[in-house]
Structure formats: structure tokens, C-alpha cells
Amino acid sequence: MNRLTDRCFVFDLLVLAGLSLFWPGTSCAEPSQGGIAAQAPIPAVGRPHQPNFLFILTDDQGYGDIGAHGHPLLKTPNYDKLHDQSVRFDNFCVSPSCSPTRAALLTGIHEFRNGVTHTLDPREHLWKGATTLPQLLERSGYATGFIGKWHLSDERGYGPASRGFQWCSTNVGGPREHFDPVFVRNGKRTKEKGFREDIFFGDAIDFIRLDGTKPWFCYLATYSPHDPLAAPEEFIAPFRDKGLTEDQILYLAMVENLDMNLGRIMKFLDETEDPRWSGHKLRENTVIILMNDNGATWGLDVFNAGMRGCKCTIWHGGSRAMSFWSWPGKWTPRSVDQLTAHLDVLPTICQLADAPVPAELQPQLEGYSLLPLLDGKGWSHDDRRLYQHVARWPSGMAADHKYAMAGVRQGDFLLMRSRPCDRPDCTPEVRGDQCATLRAVEEGRKAAVYTQTNAPFHWGVTPPGQWALYDTRKDPACQTDLAASDPDRVKAMSAAYDQWWDEVYPVMIERGGDAPLTKK
Ligand SMILES: [Ca+2]
Ligand SMILES: [Zn+2]
């Protein structure tokens, strides 16, 4: 990285222009007070060197669930527009479920090293020792805002206000409160009118408007289109009479509502003057990043972009996500094929923001800055390996699930096992739902979560005691197991997995990844 050089160069420019590098700061001591005081804008000299970031993470939307990815029913002109304006990481992996993805995104460290192996309390608690992306940005002068779904525990000391976000907004009822929700903004409760996601996007705009002096990082994590499924009627009507199930209708309606809201916030950025850059619009110095947080869910049987697998599976479609990065005038829109991941988000944003990563943190980061790829250059990480695991085992049974629903990615290859564990007491009663589903599918069941008839495909089981190997680019449906024909690759990747497990296991245990689940 040449961050130091860039920083010195910018500093020189500012000194020459008679300006201070140091903006008036905001205390992070009591972030729940939401105290981002408005300041008089600093006169702009050229493009401010720290861009703004609008980071949008949708919940439970599949990679295929936009028009630009070939969906046969969805009309998503705003997703498609952003797709066309973006560098698109098209071989981008997240975790197969929600909280683990969020833990890795916010820390640049694998979810297992954050102790986040489930979506349930307390295995969704982000490790207290973690340094988060908003903390690093805040130290470098950013206003940090969190809007929407957190899912890394709301317990005292774990919520967004304790993890580096100065301005926070969410709704009390979580995913179950779609209309007229009760919101909490910076500790204050209000009863709102309307659809929850519409209010979230409005809050994001309010946060962006709040302070004209600082660069900002707006983390907007929607609840849509996660279940329970509901949407305003105007979004539902177009999907009636198309032979869809009620779940599918509502799910697709939620995605189209998100599309409307995406258009709303893009229009706001396109049309609003940048208070830090006279004569320019906010959009010109704002990086928009859009991602989904795990594989497909309620739209699975409608369209999955040709992939095998859904949320909570280790198949290709379980963790491949869209990852759009747009900065007008800076990056040339195109598709990038290198294997990239949630782990790369923190190092990339920190580099773009000129936010130093402390020396003691650097060796812990597992991802790489995507900047060379955004800039259209190659990088030196084409041989990287990513380790994946569905996790979600019953607490106390981590060791028995080493080879259950686990995988390694390298380039286009996915080495994986989709197997139930060998413990007869791993049952739904103790939250062993994943293994129970695979056992049922192995015995011939056709229906499973998210699919009416296609469980043998999306929840398929690999042969006992063996790894399966797929080339996900040539074979996104994972139909041709290459393990027998490419034993050297299997040997190398499986040995890497064993080594990774041995290293990560004690850390994961120590940080709460196998802790007993609470009853709530
Ligand atoms: Ca999710
Ligand atoms: Zn099991």
C-alpha cells in the first residue's frame, strides 16, 4: 500500500492551501447521544481526499434476485443502474448466513475468529476485542452512521453505538415489524408511520444531511427481503396471477420496494450539492457499495442464477453474493473475476478513506484491499484460499462438525463437504436443524427450507468421508465432481482446510463460538 505516501501528499496540498488536516472532531465517548454537531462547511479546494461511503447490505436477497443478473420476473431498474455504474466483484463470497457475514465485514477478520458462528444469542456476539471498521474511520475524521439491522447482539456493550457508530437508527421489533414501526434513534423512541424500509432509507438520507464538514460512512443494513415477508400492496400487485406462491410474491415485492428505495437515495446523492466540494454533487465523491449477506432464500425456486445452493448451505449459491462498487469518474464499470470476499471490505474502505490500520491490527486482517482491482490492475492474491463453514451446529458439538457443511475456495474451485454429522443426538430439538435437513434429504425428502421440490439439488449431500471439488465458473450448478480427476488439488486444498481448522478452532471456542444458546 502507498497509503503513507498519499497521506503525506494530501497533507502537503492542504498545508499549501493554508488548511488544517484536522477537522473538528466528534467525541465517540457517548455515541448513543447522536451528537454530530453541524459545523460551517470547510471551503473546498478540489475533490476532498476522503470520499463518503454509502454501504448498503440487504438481508437474505440472493445473488440472482435483480434484473441485471437475469431474473425473469423482477424489475429492478435502480439495482441495474448501479450494476452498470459499478466495478462488480462477480466471484465474491460472504458467509452462508447473516451474523457471521456481518462480523467479517466489520472487522476484516474471519467470523470464526470473532466467535460468530450463529444468528442466535450469544453466538452472534461480536468478539469484544475486535476493532471495527467504523472505529477506524471515526479516528480518521469520519462521521459514522448505522441504520437498520445489526444482528451482532444488542446487549449492552455490543450494539452499534458501542462499536464505532456515532449515529444509530433501528426499529424495536426487528424483522417482524413491517408497518408503523417503533424506531430508536440515538436512544430516543418514536412511533413511525409507513413501511420500515422506506423509513430506513429516509434515515440514511437524514444522517448524510446531518453534517456538512466531515466525510461520512453510512452503513445501511436493510431487513428486507428477510422473512417474515410483507410489503406495501403496490409492490405486491404486479406479482399476482403469475403462478407464484404467496411467499414468493411477497418476497419479490420486498425486493422491488428495495429497488425503489435504492433509486430514492441514488437520486438524492445525484442531486444534492456536496457541502465539502463547492459546485459538485455528493454522488461525485461518494463510493456506493451494495452487497447481499448470504445465499438465496424465498426466491430460490423462482431463480438462482443457475447456481446450486441457498442460505445455510455450503454449495456455491450459499455464499456467492453481489458486490457492486461505484465511484463515478474514478473506476471503470466492469466485472472482476478474482476470488474476493467479505474480509476484503475493511482493508479496502480503510485504504480509500486514508484511515490507517494500526500496526498491531494489520497481521490479524485476513482480507486484502480491493483497490488494485477497482483501479483495473491485477493483484498478487490470485492463489488465496477462503475457508467457509455453515456453522450453526448445536452448542457443545463444534468438534463433531469439522467436516459438516464446510468448504475451501481457491480461484474458481470449491472444495466442499455437505454432510450431516455423525452424532445421533444432533437433532432439531437441540438446534441441529442443518444436519437434520441433510439427513432427511439423503433419505429422499424433496422439500426443505426455501424449496418446495428441489432439496436434493440445493441441500444435496456429498459422499461420506470425501471431499467434492467443483469448478464454479464452468459449473455453477455443481454437477461434475472433479475430485477423482484432480487429486493433487484436493490434497492441497483439504490439507489447507485441516490446518485452518486446527488454527481457528481454539480461537473460535475461546471467543464464544460454541457457547450454550440462550432460550430467548
Ligand atoms: Ca441474512
Ligand atoms: Zn450435526
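Against which element do the buried residues of α11 pack? The points below take up this question after the confidence and the overall dimensions of the model.

1. Confidence. The structure is a predicted model. Its chain has a mean pLDDT of 92, with 91% of the residues at 70 or more.

2. Overall dimensions. Along the principal axes, the C-alpha atoms fill a box of roughly 70 × 50 × 45 Å. Of the 520 residues, 50% are buried. Among contacts between residues at least 6 apart in sequence, 67% join residues at least 24 apart. The secondary structure comprises 13 helices and 17 strands.

3. In soluble globular proteins, nonpolar side chains tend to be buried together. In this chain, the largest nonpolar core has 93 residues, and those with the most contacts inside it are Ala-204, Cys-218, Leu-220 and Ile-289. The element that gives the most to this core is helix α7 (residues 246-271), with 11 residues. Leaving aside residues up to four places away in sequence, Ile-289 touches Phe-53, Phe-55, Ile-56, Phe-324 and Trp-325. There is also a second, separate core of 31 residues; Tyr-403, Val-441, Ala-448 and Tyr-470 are among its members.

4. Helix α11 and its partner. The opening question is answered by α12 (455-458), against which the buried residues of α11 pack. Helix α11 spans residues 433-442, and its buried residues are Gln-434, Cys-435, Thr-437, Leu-438 and Val-441. These residues lie on the same side of α11, because they cover an arc of only 160 degrees around the axis. An α-helix has 3.6 residues a turn, so residues three or four places apart point the same way. Val-441 also belongs to the second core of 31 residues. Just after α11, Gly-444 adopts a positive phi of about 115 degrees.

5. The antiparallel pairings of β6. Strand β5 (residues 167-171) and strand β6 (residues 182-185) run antiparallel and are joined by three bridges. Within this pairing, Ser-169 has Arg-185 of β6 as its bridge partner. Strand β6 also pairs with β7 (residues 188-191), again in the antiparallel sense, over four bridges. Here Val-182 stands opposite Lys-191 in β7. The hairpin of β6 and β7 has two residues between the strands, and Asn-186 takes a positive phi near 50 degrees in this hairpin.

6. A three-stranded open sheet. Which strands make up the open sheet of three strands, and in what order? The order is β10-β3-β13, and the pairing is mixed. Strands β10 (320-321) and β13 (340-341) are the edges, each pairing on one side only. Strand β3 (residues 92-93) runs parallel to β13, with two bridges between them. Phe-92 has Thr-340 in β13 as its bridge partner.

Note on methods
Residues are numbered from 1 along each chain as its sequence is written. Chains are lettered from A and ligands numbered from 1 in the order in which they are written. This is a predicted model: local features need pLDDT of at least 70, side-chain atom pairs count only at pLDDT 80 or more; totals for chains, interfaces and linings use all residues. Two strands pair if DSSP finds at least two bridges between them. A nonpolar core is a set of buried Ala, Val, Leu, Ile, Met, Phe, Trp, Tyr and Cys residues joined through C-beta atoms within 7 Å. A residue is buried if 20 or more other C-beta atoms lie within 10 Å of its own, exposed if 12 or fewer, and partly exposed in between; C-beta atoms are placed from the backbone. Two residues are in contact if their C-beta atoms, placed from the backbone, lie within 7 Å. The arc is that of the directions from the helix axis to the C-beta atoms. pLDDT is the predictor's confidence in each residue, from 0 to 100.
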